[in-house]
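Thank you for sending this structure; my comments are set out as numbered points, to be read with the sequence and the coordinates open alongside.

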2 protein chains.
Amino acid sequence: MSKYSKQTRFLVAIDCIIFGFDGENLRLLLIHRGMEPEKNKWSLMGGFVQPDESTDDAAARILKQLTGMEGVYMEQLRAFGDPKRDPIERVISLGYSALVDIHKYKEQLSDEFQPEWFLLKDMPDLIFDHQEMVQAALKNLRYKAALHPILFELLPEKFTLPQLQSLYTGVYDAEFDKRNFSRKVLSTGLLIRQKEKDKENSKKGAFYYILDKSKYKDKFQSFLNFVPNPDNFLF
Amino acid sequence: MSKYSKQTRFLVAIDCIIFGFDGENLRLLLIHRGMEPEKNKWSLMGGFVQPDESTDDAAARILKQLTGMEGVYMEQLRAFGDPKRDPIERVISLGYSALVDIHKYKEQLSDEFQPEWFLLKDMPDLIFDHQEMVQAALKNLRYKAALHPILFELLPEKFTLPQLQSLYTGVYDAEFDKRNFSRKVLSTGLLIRQKEKDKENSKKGAFYYILDKSKYKDKFQSFLNFVPNPDNFLF
DNA sequence: CCAAAAGTGTTATTTATACACCCATGC
DNA sequence: GCATGGGTGTATAAATAACACTTTTGG
């Protein structure tokens, strides 16, 4: 069959907005851009879609290339399609937002990119429209996390309620009442308390919890209202 | 400056998922596809992104081409990037979801495409992955409308509460209690009651309402919980 | 006068919020 | 024994859900 011969073709890229949580703060993984223009400036990890891979596959490939991680939570944000967003040549970029357990991240794999985990408050200037992508991803993260149990993707298998709460605190840059927070979280039935405690962060020690995986899958899309008055935080 | 010369370029298309409300039911605007392959089969309105337009501009252009309408509510859904989704050649398509006032739609403009407004329940087979796009758009619409006052985009300037309720009924394919519904809707403060009534649909007549435009803009992103137990409807 | 759709109010239940004290431990 | 952070309970307010009768009017 013939092709759509008269139409213009475009470069299509993926840019990954990769979030992690260090136990205290939300962080974003950035790299030194390896190619001109703006070589060595800070940038999101990205790459071009290849001829025979789906855009989702491309995103997974690019994430793996940087982090060594597979099977990570990732969702497409949207296309960024301003014709002038890349000064070299028009590139339509698909933003993909990823949530990773920062502790599973393998530093050594990615010497080539000299990646660093930046605090959100503390980000360098980024190339092109990457700042806009980060803002869109953060907004989306806050939106989703207010309604769905998505932030667990950022935690290790075992975690404590104080850790979970400080994750929410970091994401929303707001304090929550710990009594109400723990009641709400536990009422979802998603968490299973372990017998061991984390004694590293306090003398008394805080119980570890793990996710009930099957309930997590079931309820992943439910409206759970983790955040009181989400209006206050999102806009 | 040189280009990213070694990379493959792709066709990038827009496909518009256009919703309307006829006063009774939610409908979708489909066309007869004008080009091979699958010429004359039913399809979403689409077209290729052009060299110097943003993807958002392309979507607006394509919507206007079919409906004659501008300034319509439109949002990008996501990219559909399966390499085999179009059998002729790889095309990465961006789905854009539009909500239009079906009464402002100008039939005559679009003879070329022989468009028709289909009931959702009653849709023909569509080309490529357009069915998947429609499902994604519908899911997104239900999701958003459960939280935000988005369905007003489908109504004419003046509308009655029974009309509004039947819109929600149509979108969710579910009945709502009219006492609770009207209390909830009016409590948002978004509606201004008019002095006239619509006497076409009942003997008693139902008051017309209009949107308070400034409050609408303010509250567009607020969480208003229009739909009770949205979990029940979305998944 | 009656059928048909519009409009409105109350109560019970659930959910959200605000708030303060005791517990366990390492030092 | 005390400072530190972990853990829990209760009372009030607000939101939601369930439910039924009156009003208007065209025919």
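The points below take up the symmetry, the DNA contacts and the aromatic rings in turn.

1. The model is a predicted one, and this should be kept in mind for every value quoted in the points that follow.

2. On the relation between the chains, chain A is superposed on chain B by a rotation of 180 degrees with 0.0 Å of shift along its axis, and the RMSD is 0.0 Å. The two copies are therefore related as by a two-fold rotation axis. In keeping with this, both copies use the same surface, since 100% of the contact residues of chain A recur in chain B.

3. Of the atoms of DNA strand D that come within 4 Å of the protein, 38% belong to sugar and phosphate.

4. Which side chains have an N or O atom placed 3.1 Å, 3.2 Å or 2.9 Å from a base atom of DNA strand D? In chain A, the side chain of Arg183(A) has an N or O atom 3.1 Å from a base oxygen. In chain B, an N or O atom in the side chain of Arg179(B) is 3.2 Å from a base nitrogen, while one in the side chain of Lys204(B) is 2.9 Å from a base oxygen. The elements giving two or more residues to the surface near DNA strand D are α4 (178–187) and β10 (206–211) of chain A, together with α4 (178–187) of chain B.

5. Over all chains, the structure holds 20 aromatic pairs. In one of them, the ring centres of Tyr105(A) and Trp117(A) are 5.5 Å apart and the planes stand at 90 degrees, so this pair is edge-to-face. Because Tyr105(A) lies in the loop between β6 (91–99) and β7 (116–119) of chain A, and Trp117(A) in strand β7 itself, the pair ties together parts that are 12 residues apart in sequence. Both Tyr105(A) and Trp117(A) are buried.

6. By contrast in geometry, Phe152(B) and Phe159(B) make a tilted pair, with 5.7 Å from centre to centre and 45 degrees between the planes; Phe152(B) and Phe159(B) are both buried. In chain A, Phe152(A) and Phe159(A) belong to one aromatic cluster with Tyr73(A), Tyr216(A) and Phe220(A).

7. Two charged side chains also deserve a look. Arg78(A) lies over the face of Phe80(A), 4.0 Å from the ring centre, and Lys197(A) has its charged end over the ring of Phe207(A), 4.7 Å from the centre of that ring.

Methods:
Residues numbered from 1 in each chain as written. Chains lettered and ligands numbered in written order. Predicted model: local features only at pLDDT ≥ 70, side-chain atom pairs only at ≥ 80, totals over all residues. Heavy atoms only, no water. Phe/Tyr/Trp six-rings, centres within 6.5 Å; stacked < 30°, edge-to-face > 60°. Helix = DSSP H or I, 4+ residues; strand = E, 2+ residues; numbered from the N terminus. Buried < 20%, exposed > 50% of the residue type's maximum accessible area, 1.4 Å probe, protein only. Lys NZ or Arg CZ within 6 Å of the ring centre and 35° of its normal. Least-squares fit on C-alpha atoms with pLDDT ≥ 70 in both. Contact = heavy atoms within 4.5 Å. Near = heavy atom within 4 Å. Polar contact = N/O pair within 3.5 Å; in protein donor to acceptor, adjacent residues only side chain to side chain.
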